[in-house]
Number of protein chains: 2
Amino acid sequence: MELQFNLKAYFKTSADPTPAREAVAALFEEANNTLLTKGAPEGQGAKITEWKLGEDRIELTLESGRYVRAHDAILRLKKVLAEALGKKYKIGIRGVEVESFTIKLPAEHELKALKVPYIKSMENVDGGIILELEVGEAEMKNRVPDRILTLLEEKIEATKYGAKAEHWNLLWQREPMEHPFKEDPTQAMMKEGWLKRGASRGQWIHGPQSTRLFRAFEKIVFDELLEPLEYREMIFPKLVTWEVWMKSGHAKGVYPEIYYVCPPKTRDPEYWEEVADYYKVTHEVPTKLIKEKIGEPIGGMAYAQCPPFWMYVTGETLPNEEIPIKVFDRSGTSHRYESGGIHGIERVDEFHRIEIVWIGTKEEVVKCADELHERYMHIFNDILDIEWRKARVTPGSWHRKGCSGLLKETLSGQLTTKPVCLTAGRTANGLNSRT
Amino acid sequence: MELQFNLKAYFKTSADPTPAREAVAALFEEANNTLLTKGAPEGQGAKITEWKLGEDRIELTLESGRYVRAHDAILRLKKVLAEALGKKYKIGIRGVEVESFTIKLPAEHELKALKVPYIKSMENVDGGIILELEVGEAEMKNRVPDRILTLLEEKIEATKYGAKAEHWNLLWQREPMEHPFKEDPTQAMMKEGWLKRGASRGQWIHGPQSTRLFRAFEKIVFDELLEPLEYREMIFPKLVTWEVWMKSGHAKGVYPEIYYVCPPKTRDPEYWEEVADYYKVTHEVPTKLIKEKIGEPIGGMAYAQCPPFWMYVTGETLPNEEIPIKVFDRSGTSHRYESGGIHGIERVDEFHRIEIVWIGTKEEVVKCADELHERYMHIFNDILDIEWRKARVTPGSWHRKGCSGLLKETLSGQLTTKPVCLTAGRTANGLNSRT
């Protein structure tokens, strides 16, 4: 099955279009050979297969393949039609009304019905899927049909490769070393009283000894990487709103791992009195009641650390002499609702990192990545003297990992001038999954 | 009106208590003069005013004032009654059942009915309030009636002094100085591109220049205060659970200002698929749907910074040679849902601070506070050379400000060995309201 669009719609006219019948006929015939084929290979443009005039409308059926999609075709037509009928016949086009919009797309497996707006029905047939959309002119302009198709194609792709399609290729590893310390570090540190579990899941309270270790690592990153490479410190926000995650792409799929943040519906103490009173009398926090009294989530706790920085450069034109911009943030925590595997300090829900961000031309960002990579090698080999390895990771779902996707793009040669992030403490192409 | 309790209840017996009538009579008469007056001034103990035997119960009415409250009295009685009837008559006491529990308490103004469990009715009468409780033996043991009374007394107190009863007394101020810079610092910094608004309310993105200023202040606090006074750095958690706020007292009233945190109900990607799909198609985040899909709030973003530390010492006995414990945390943000007054960097919803905590004997914690106070004076006068003032602040609602309440207690002479917190950057007795 090939991708096929079938759109039945009509143009609303400001007057009876009958006087313009000949002009419409000529325009549609001409369009079928020019306007609606522009950008498509020979014979694969969109086509008006039927049309007729009504008292206050021009009805038509458009068929197309993937190149000039029917919803684009009708918008192209509207423009030329309005010009042609307006000038000569004083007939205005008042808008486009969709009567039916059917898309057939190829798929090897069945897909379960999507719960999204604008889909009227979705049917699995032999070799593909038949989709009926419920869209108007505004949605066609906003490319809603394309978004729905992209979504479906993603899902079809996922059925082919399975959900966990992360490709991990070892590039290099250091020769095996003798490990003098063989215990579980978390257990050993707990035994010595260096750290304790926090009250929340995957969270630790670090005592003075453990914190000193953290700061020693931080100092190495400062002295050996950030200072010599001239990265400048910034302070990025730590409560991240939807607006930010829409920009960074996280809004496409990060939902299962977010610690969501909801504000109170109001600060009025009287509104909250019953909650406080309930607690004072029962010594239990009425979490069900609180959930009713808080607003809808405005976003969540920092997940990837760099996205809130993006707002700093949004809408700015950066002068050439100011790039590459090289900055870092180490001003707070990131939070992820992790899977059951959490048990020690090596995989946690709440963690700290130095987030490194750089922006520049294609050449500049690649150079920055190379410089960082070199510094990491130096830190791992000459200072920490640890056994480590380098791998190329291609996430199955790039969209879930806004920053890392971009980073990996950069490293594999597909260059970008968007902000690029790198977590201090792992190699540039992914020593661990904290991206 | 005086505080009065009237409790009608019965002891459930394992057998008909009739054979023990004489013993019960003697015991109750004796109790009215001894057991139920213990701890009360002459003539103001609790009193059994009526009693009778049933087939399987001993019914009684208890009246009392504030000293030996009726619900305490009945538990005292249960104990001696069980001993007396058990040994000699082989009659067991199976429990206490409450038939009615009425409390009259004095109040000058009317109070609106409380929406809390265990209150059956609440009536404003001339000179006071009549309260009917619905409690059983377990609630009486857990002192629920006392908690309800305390809550009511707080509210009666509040009607007297009004809601905003924060007392602020100026103790000292530096002589007026000439201010060379007269602009609004936030506006000036924004104009220079040193900082920009974050995407969320009361939140800033600090650029390299602004961040450098932050770090300079931090260095002063390190070099001039933390190092010389031997405070050691720790890392406190930044997602704070109810358990922590129950310990710190914030659970009593911090609700209007919290940024609440809710985890996903599950990490299952399929559960979240419709949210991601909705976004991909509409480019809008379905916050209403998300609110349905997240769990009840588990707590909130750090508010007072120190409470998560408390869990580190909970249940520990600190050896004498380890106190005073002197630590600090500067590992992340605090978040408060502030009132409309936010506009610049001087009053924000998201902020950073160095949180200082010390624990010791009464003498030690006072000494620590004095040392800190001295260092602050030095920083303000000799290094920053700024105009500042010292005030004593008594919050109207201490419970809402767990740490600061304790701090102020310490400074005003009411000593404590609980953890005591101090925000770096303000004087020990409160230069601003960030406590």
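Is Tyr259(A) buried or exposed, and what is its relative accessibility? In this predicted model, Tyr259(A) has a relative accessibility of 1% and therefore counts as buried, the cut-off being under 20%.

**Aromatic pairs**

Over all chains, the whole structure contains 30 aromatic pairs. One of them joins Phe222(A) and Phe328(A) in a tilted arrangement, with 5.8 Å centre to centre and 55° between the planes. Phe222(A) belongs to helix α6 (residues 208-226) of chain A and Phe328(A) to strand β14 (residues 325-329) of chain A, so this contact ties together parts that are 106 residues apart in sequence. Phe328(A) is buried, at a relative accessible area of 5%.

Tyr259(A) pairs with Tyr337(A): the ring centres are 5.7 Å apart and the planes meet at 75°, which makes the pair edge-to-face because that angle is over 60 degrees. This pair links distant parts of the chain, 78 residues apart. Tyr259(A) lies in the loop between α7 (242-248) and β12 (260-262) of chain A, whereas Tyr337(A) lies in the loop between β15 (333-335) and β16 (350-352) of chain A. Tyr337(A) is also buried, with a relative accessibility of 15%.

**Charges over rings**

Tyr337(A) also takes part in a contact with a charged group, since the charged end of Arg201(A) sits over its ring. Chain B contains a contact of this kind between Arg336(B) and Tyr303(B).

| Charged residue | Ring | Distance from ring centre |
|---|---|---|
| Arg201(A) | Tyr337(A) | 4.0 Å |
| Arg336(B) | Tyr303(B) | 3.9 Å |

Notes. Residues numbered from 1 in each chain as written. Chains lettered and ligands numbered in written order. Predicted model: local features only at pLDDT ≥ 70, side-chain atom pairs only at ≥ 80, totals over all residues. Heavy atoms only, no water. Phe/Tyr/Trp six-rings, centres within 6.5 Å; stacked < 30°, edge-to-face > 60°. Helix = DSSP H or I, 4+ residues; strand = E, 2+ residues; numbered from the N terminus. Buried < 20%, exposed > 50% of the residue type's maximum accessible area, 1.4 Å probe, protein only. Lys NZ or Arg CZ within 6 Å of the ring centre and 35° of its normal.
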